[in-house]
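Hi,

Here is the structure for you to look over. My notes follow directly below it.

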Amino acid sequence: MAAEFWVVVEHWRNQVSEITYEALALGREVADQLGVPLRAVLLGHNVKEMAQSLGKADSLIYVDHPLLSEVVPETDAEALVQLVKERKPRGVIVPLTNVSLGVGTLLAARLRLPVANFCKDLKVVDGKVHAKSVLYGGKMESMVTADAEPAIFGLWPGARKAESGRIDQSPPVEEVAVSLREPPIRLQRYIEPEAGDVDISQQEVLVAVGRGIQGRENLELAETLAKDLGGAVCGSRPVIDQGWMPLSRQVGKSGLTVKPKLYLAMGISGAPEHTEGMKDSALIVAVNTDPHAPIFNIAHYGIVADVLEVLPALNEAIASKKGVDRHAA
Amino acid sequence: MNILVALRMVPDVVEELEVAPDKKWLDLEFVRMVLSESDDHALEEALLIKERQGGKVTVLALDAPELDDALFAALAKGADRAMKITGAEKGVMTREAAHILARVISNEPGLLPADLILSGTQAYDDLDGLVAPLLADELGLPFLGIVTNLQADLSVGKARAVKEYPGGVRGEFEVALPAVFGIQAAEKPPRYVPVAKVRAVMKSQKIESVPAPAMEEVGLSMIQVLEMMKPQVSGHAVMLEGPPQQVSNGLCGILAERGLL
């Protein structure tokens, strides 16, 4: 059997995830550089029609099984174990998102294969796949290579543009059966986010606060700014975990993806988990005490300073520009 | 309820990080090591479960700079037993670290049977695998990650775990115990423990030292770091400089120009 390069298709709640197209765009480049076909692997139940947008791949393996209707890492990994063992691809891209986290590591562990996580780029050098991984909250990158094949690549969002990996035609589909056991883990229900709060994904201006805001009592400064700019406040993970803001205001991996006209990142370092949710904002302004904070790599304007000093000054400056006398109000 | 929490020390990314002279990994000589953030949440979740339902919490970690402080802090917060695994090769990556942890969990008296084994869902440098699924694989247990709430019912041998999905959606799972969970965030922020209490614990309690078992399998990681570097960026923000008032006025001008003010 000719060797292939594989991409595992992520889908969730009846939709192919954006990262699948990103992975296909990247996988296409790697497969071409290796001179092998690109194969997409779709695991699920009654989702064959999803192949319709996966035309970037040369062919597709479809595994239909009732136990694959929701991602349970060990069940998905078990299905992949059987496929990888039999077909021996050169490498496998597995998305590293909240939906798929754990699948790649388990697959690698079960088959004693190498896994490289947090990949944001792959390229072929002298016939071997090299991965560029993002480490330490975006402060470092490493080039890694595997000593054995197939290697599993845990892909982070944003490696390629999703639109470059989407082709609306179905590749040839091969249906394959696997045998799966009832897993000791079962999804009981989804819990939807609480409704009623501001929908931050619909705001034109967002004032986002991170660890640099230091305490709940300082949120007022950000709220004043948001109000004067006609927007809303939102936050990065640490602020939500502290309970200073509801989950509905979280931007990033577990939260929402936003694309406002203006995103003011106040005391946010810019870890990849956060930036994947806001990097496409039209104008990004960042304030952080750390001049090396990764947020400055994607911001349009930056200020190295303590947000607790900048926020009052900025509120004052905006008030005077707008002719608002806050003290009289 | 017997709860194990696997902890790991990682470089504090708030500090300036430098690449080592061999360009393969961080220069660890001057970095400050801190408890990995999601591990801190795993510890908190374990303590909350213990407070709710009773039981025993054991924390264990591979030796690292500042580890004793983190382990004493865990004891001061309410952990019952703290173990430091010594003698492992310096700077082992996650896959070998998880292997060593799994060996210790299997071999040391009193650790198994455990009902819950917790770890942070992900650390900054989990380059060659994530701890929780690696432990689950080695111990032959179920795994669920990105967990933010965990309720165990030992009478039926099951736990109810809430996992985060994108967009603020969460999923409620039923998990047969024992199982390994990667904790993203505890139900409450990790508790604060006064220094005086940690000092008192240093006098009254001990950290157990356990030698790392010999590795039967070498080259477990199977990945090689060719080079580590600071990110090469395609762009960088235009920096506004000056005292707060001056940068604020400058920023107002930029926003006004774009019709945002």
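Helices (H or I, at least four residues) and strands (E, at least two) are DSSP runs, numbered from the N terminus. Helix α5 of chain A spans residues 237-241 and includes R237(A).

Two points on conventions. This is a predicted model, in which local features need pLDDT of at least 70, side-chain atom pairs count only at pLDDT 80 or more, and totals for chains, interfaces and linings use all residues. Residues are numbered from 1 along each chain as its sequence is written, while chains are lettered from A and ligands numbered from 1 in the order in which they are written.

R237(A)

Is R237(A) buried or exposed? R237(A) is buried, because 22 other C-beta atoms lie within 10 Å. The cut-offs are 20 or more for buried, 12 or fewer for exposed, and partly exposed in between, with C-beta atoms placed from the backbone. Leaving out residues up to four places away in sequence, R237(A) touches Q250(A), G252(A), E273(A) and H274(A). Contact means C-beta atoms, placed from the backbone, within 7 Å. S53(A) is 184 residues away along the chain, and its C-alpha atom is 33 Å from that of R237(A).

The contact between chains

Chain A puts 78 residues into the contact and chain B 66. On the chain B side, α6(B) gives the most, with nine residues.

β17 of chain A (residues 301-304) runs parallel to β13(B), joined by two bridges. Pairing requires at least two bridges found by DSSP. In this pair, G302(A) stands opposite M239(B).

Best wishes

Notes. Contact = placed C-beta atoms within 7 Å.
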